[in-house]
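Let's take a guided walk through a protein chain. Have a look at it first, and then we'll go through its parts one topic at a time.

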Amino acid sequence: MGITRQLGSSPWLLLIFSLPSKRTSERVGIWRKLQKFGTISLRNSGYVLPNRPVNQERFEWLAKAIRGFKGEASVLQVQAIDDLPSDTLKEQFRETRKPDYVALIREIQQLKPSEHGSSAQVARLKRRLDEIIEIDFFDSPLRAKAEEGLYKAEHPAETRRSPGKGRLSKDDYQDRIWLTRPRPGIDRVSSAWFITRFIDPKASFAFGADPAALPDAVPFDMYQSAGFGHDGDKCTFETLCARFGVTEKKVRLIGQAIHDADLDDEKFGRIGGNAINQILKGWAKQGVSDEELLRRGIDIIEGLYHSIG
């Protein structure tokens, strides 16, 4: 493994250290802190974190503690690792957080009805979610699922405004306002594309966190149990396809890619949606507006639709 060290805008921090062999308990304590900070191990080369001020401070304090234990430690700013491109390294960070989110989602799903609302259990799970998010440096796709589950557990009394479970007619959904959460990702932009192409060609879109603020709008992919959203193991795009009876092969294939990218469960083994999702996240970090994110995302899905033979 080759590492290029460079000062300034280097994207990574690397902590390398050694402790005397007799410092067993101190070694365990250091390892636990490294786990808490969200580091990943680079084989025998040390521990890496994204180069951010809070991580720099954590590594510097840890290095100071190691030296206090008669060990040696260095904190390096690293520009590149020759056999680990940045995208691969970022994916390793996402994979490292995956078990944390999976365990949290399982706990949320196992909550008893009596533990919903403002219970001590929900408060504990919210704190755990905050801890995971703090070290989820590159936006695991499971974060949204955990947030959605926790929101529903915290707000059990919200009434469902979902239009039943049967097949729906697009004639009842013309010239409507469709409401979704800000900073649209892969499921929301693909759902918006589906809405404009197969349901409501004159649809207009609004962004917000509370469907009650726009009572005449049709919510989709919201945390609240309203409108169209995740249904069982289906993402919102798949729910819309099922509810409006669209079975076209190209749409089904797009839905599989969206499912795998949004739910990160590799159900269909299609990786095409992951790249689109990362592009959307990159645009969001550049400050692209919600409206522009949605427009660009719709254009990408339209291109994908025409690319499928």
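Predicted model: local features only at pLDDT ≥ 70, side-chain atom pairs only at ≥ 80, totals over all residues.

## A word to know first

Contact here means that heavy atoms come within 4.5 Å.

## The overall picture

The chain has 309 residues, and 44% of them count as buried. Along the way there are 10 helices and eight strands. If you line things up along the principal axes, the C-alpha atoms fill a box of roughly 75 × 50 × 30 Å.

## Helix α7, wrapped up

Which helices do the buried residues of α7 pack against? They pack against α6 and α8. Seven of the eight residues of α7 are buried, so this helix is largely enclosed by the rest of the structure. The buried ones are T236, F237, E238, T239, L240, C241 and R243.

The largest nonpolar core holds 32 residues, and the members that touch the most others are W178, W193, F194, F228, F237 and V251. Five helices each supply at least two residues of this core: α6 (186-199), α7 (236-243), α8 (249-263), α9 (272-285) and α10 (290-307). The top contributor is α6, with eight residues.

Zoom in on V251 for a moment. Leaving out residues up to four places away in sequence, V251 touches W193, F194, F198, F237, C241, V246 and Y305. There's also a second, separate core of 28 residues, and its members include W12, Y47, V48 and A73.

## Rings meeting rings

A pair of aromatic rings is described by the distance of the centres and the angle of the planes. A search of the whole structure turns up 18 aromatic pairs. One of them is Y173 with F244, an edge-to-face pair at 5.5 Å centre to centre with 85° between the planes. Y173 sits in the loop between α5 (142-154) and β6 (177-180), while F244 sits in the loop between α7 and α8, so the pair ties together parts that are 71 residues apart in sequence. Both Y173 and F244 are buried.

F205 and F220 are also edge-to-face, at 6.0 Å centre to centre and 75° between the planes. F205 belongs to strand β7 (residues 204-207) and F220 to the loop between β8 (218-219) and α7, so this pair links parts that are 15 residues apart in sequence. Is F205 buried or partly exposed? At 22% relative accessibility, F205 counts as partly exposed, because buried means under 20%. F220, at 0%, counts as buried. Both pairs belong to one aromatic cluster made of Y173, W178, F205, F220, F228 and F244.

## Arginines over rings

R52 lies over the face of F138, 5.6 Å from the ring centre. R296 lies over the face of W283, at 4.8 Å from the ring centre.

## Strands side by side

What sense do β6 and β7 pair in, parallel or antiparallel? They pair in the parallel sense, over four bridges. For L179, the bridge partner in β7 is A206.

Notes. Residues numbered from 1 in each chain as written. Heavy atoms only, no water. Core = buried A, V, L, I, M, F, W, Y, C linked by side-chain atoms within 4.5 Å. Buried < 20%, exposed > 50% of the residue type's maximum accessible area, 1.4 Å probe, protein only. Phe/Tyr/Trp six-rings, centres within 6.5 Å; stacked < 30°, edge-to-face > 60°. Lys NZ or Arg CZ within 6 Å of the ring centre and 35° of its normal. Pairing = 2+ DSSP bridges.
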